[in-house]
Amino acid sequence: MVRRLFFLVALVLLLGSAWWNLNVQRIGAGVAIFLFGMLSLDNGFRVFTGGTLERLLQRSTDRVWKSIGFGIVTTSLVQSSSLVSVITISFLSSGLMGLLQGIGVIFGANIGTTTGAWLVSAIGLKVSLSIYAMPMLMTGVVLIMQSNQHWRGLGHVLTGLGFLFLGIDYMKDGFSAFQSVLDLRQFAIAGLLGLLVYTLAGLLATVIMQSSHATLILTITALASDQITYENAIALAIGANIGTTVTAIIGAIGAASPGRQLAAAHFVFNSVTALVALLFHLPMIHLVDWLSSVFGIAADNYTLKLSLFHTIFNVTGVLLMLPFMQRLAEQLKQWFTDERQNRLSLPARQADRRQDPVTPQYLTSSVMTHPDVALSALLQEMRRLWDNSVAVMAYALFLDRDDIESEQPLDLLLLHSAVHEQTSDIDELYERYVRPLNTAIVTASHHLPGQLTDAQQETVFALKVACRDLVNAVKDVKHLQKNLRRYHNHPSEELNQQYRAFRLQLAELLHRLQSILNYPDEEEALLGFSEQHQWVKKQDILKNGTFDRLVASGRIPAEAITSLMNDSEYCRNIGFRLIHMAQKLYWAQTGSAVSALQSLILEDEELQENSDVSASE
Amino acid sequence: MSQPPNKPKWQKHLRKLLKGKADTDREALQTALTDLRRKAVELEARLAQAESNDEAQRLKDKLELIQRHLKKGEARLVEWDDQKSKGK
């Protein structure tokens, strides 16, 4: 309600001011055209680059200096720090990039935004930009009408640039003409009060226009028309830098933790930078004067001097914050903990009473912008599905997941872990912790953005099949658990032992797969998976003769024979399905979609020969 | 014996860029097979020093698995080369 009221009042004031004076209307129209140009440019670069920015960002995540460089170069090129921020947040959310690198990109983007001020003050104010704007607009509109996506993107970029130029020209002309009606310099405030008032004004203007770039260009054009003083213009630029973080903070409210971490980093950086600039504005102005004389900038060329000031205070901010980047990232991770990293734990002796819904945490709308980013988020969500399934399966085996992951001998742990009667229904746990994630993964895999490469399509298909296997493995464990409970206190010691062996077999397999998933050596992982495959085959009591021996000896009660046979089949199938899922997850995580090593995976029949040979030896 | 000088990094990158996907896959497979062969040699050495029958059996099984992976990989290389020559 308040928001709507504010919007109406603002609209009435805007129209009223336009009605009061035609030149105010011209300045307002200039700002509007400029902002529309930025939107068009932003939209155009998204379509035109077709993932190039994302690919570039992917390559610039290994070193901090590369991240900063990426931020500087791309923001200078696209003239939009918000576009760079959005892509960075999507990378952080999907796990393709760490927070430290994300902060690096934001630092770089802050330096990159300074190039806009240079371009306008050095070129934009000297020539009539509308001369260049018109051909750009004409060509741009023709290109937008094309069916080819790249041409359309280029069209948006050209119209965006055209509108930017036109907007600047309108603002420039508006301010020049407005001078004869009203001299805004009479509102200039000198000293500390002026610094604070105009910083606040810059902040407010940026929050309203949602663009620090627009505030800065408006300031430069007003300064060029001698409508504001140089000192007040400096304060406006500082305010714009703080204002842009307010926009980022509003955008991060309700976002996942990576988004909030990055918005907080942006706020800390810009606030510290602004504080330093406010405290040391006089020495900085002297530095600007000195550098201007060195670079041959005239003493009365305040627009260029403002650009220089803007650059100096942003570069100083980066230099000041660089040594604290690591600490800042660690602190932010503590403040805004990534709840997605908390793995599901189901204590074996208790019933699970949690009620809150289990929803996907990586597959958010912000990551569905580029195939690589979306695929990475899909993988992270699958890893979560795997973790939840491990917890549910451990619970079904009457074990804690910590038992599965501990280095203690599992046979000893099993001897001490009783089969509890008062536990949650595995079906309920499956419905709560496994099914919703699987549904989200499969749904997302059908809505991946952009064109997937053949390798990516293969990966997505393989992952879907692996998900099906995992879900079926959990369901099989559910069936197995009924008899684990039924026969754990049976008078037949052999039957008891056999069901304990089933529990041990699956617990052992989960333990080994969990550790193979963390192997850094891919060849070792390949061998590890093959060994597990072979091991599961050897454990089959029907094949290794244990079942026949038990039945022949008459030590298994007749009513349990069919159950034992069926449950051995369940164990075998669960084993194969788990190995299949773990393998797919491992190769997809290493980025080897159709890697050379994947082509070395032995098929069932290739392992058959091997295990039979070993068994006969 | 003197070692051949390392090529500059940019040359390696350029070569990688100019290569087709099939070439890159083939090269990766060859590297993987070399690594597996190295592992096999290491396992043979460990097998010779195995202290118990159980350990020896475990190493033998692993060695056999490596041989199967190698066999599969070598067959894949031949298959790729055949496809390439037919393609030409």
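This is a predicted model: local features need pLDDT of at least 70, side-chain atom pairs count only at pLDDT 80 or more; totals for chains, interfaces and linings use all residues.

**Exercise 1. Find what fraction of chain A is buried, and do likewise for chain B.**

Step 1: of the 617 residues in chain A, 46% come out buried, where buried takes 20 or more other C-beta atoms within 10 Å of a residue's own, exposed takes 12 or fewer, partly exposed is in between, and C-beta atoms are placed from the backbone. Step 2: for chain B, the count is 10% of 88 residues.

Residues are numbered from 1 along each chain as its sequence is written, and chains are lettered from A and ligands numbered from 1 in the order in which they are written.

**Exercise 2. List the secondary structure of each chain.**

Step 1: chain A has 26 helices and zero strands; helices (H or I, at least four residues) and strands (E, at least two) are DSSP runs numbered from the N terminus. Step 2: chain B has three helices and zero strands, running α-α-α from the N terminus on.

**Exercise 3. Track down the largest nonpolar core.**

Step 1: a nonpolar core is a set of buried Ala, Val, Leu, Ile, Met, Phe, Trp, Tyr and Cys residues joined through C-beta atoms within 7 Å. The largest one holds 112 residues, with A:L378 and A:V392 touching the most other members. Step 2: helix α17 (residues 371-396) of chain A gives the largest share, 16 residues. Step 3: domain 1 (20-333) and domain 2 (361-616) of chain A each put in at least three residues; those bounds come from an automatic or database domain assignment.

Step 2: zoom in on A:L378. Skipping neighbours within four places in sequence, A:L378 is in contact with A:L363, A:I441, A:A444, A:S445 and A:L463; contact needs C-beta atoms, placed from the backbone, within 7 Å.

**Exercise 4. Describe how α4(A) and α6(A) pack.**

Step 1: the axes of α4 (residues 64-78) and α6 (residues 99-112) of chain A come within 6 Å and cross at roughly 35°. Axes are lines fitted to C-alpha atoms, for helices over the stretch in contact, with angles from 0 to 180 degrees between N-to-C directions. Step 2: the crossing of α4(A) and α6(A) is right-handed, that is, the near helix is turned clockwise from the far one by less than a right angle. Step 3: the contact of α4(A) with α6(A) has 10 nonpolar, 10 polar and no charged residues. Here Ala, Val, Leu, Ile, Met, Phe, Trp, Tyr, Cys and Pro are nonpolar, Asp, Glu, Lys and Arg charged, and the others, Gly among them, polar.

Step 2: A:G69 sits in α4 and is partly exposed, with 17 C-beta neighbours inside 10 Å. A:G69 and A:A109 are 40 residues apart in sequence but 8.7 Å apart in space, C-alpha to C-alpha.

**Exercise 5. Is A:F398 buried or exposed?**

Step 1: A:F398 belongs to the loop between α17 and α18 (401-405) of chain A. Step 2: A:F398 is buried, because 21 other C-beta atoms lie within 10 Å. Step 3: check phi too, which is positive at about 60° although A:F398 is not a glycine.

How values were computed:
Two residues are in contact if their C-beta atoms, placed from the backbone, lie within 7 Å.
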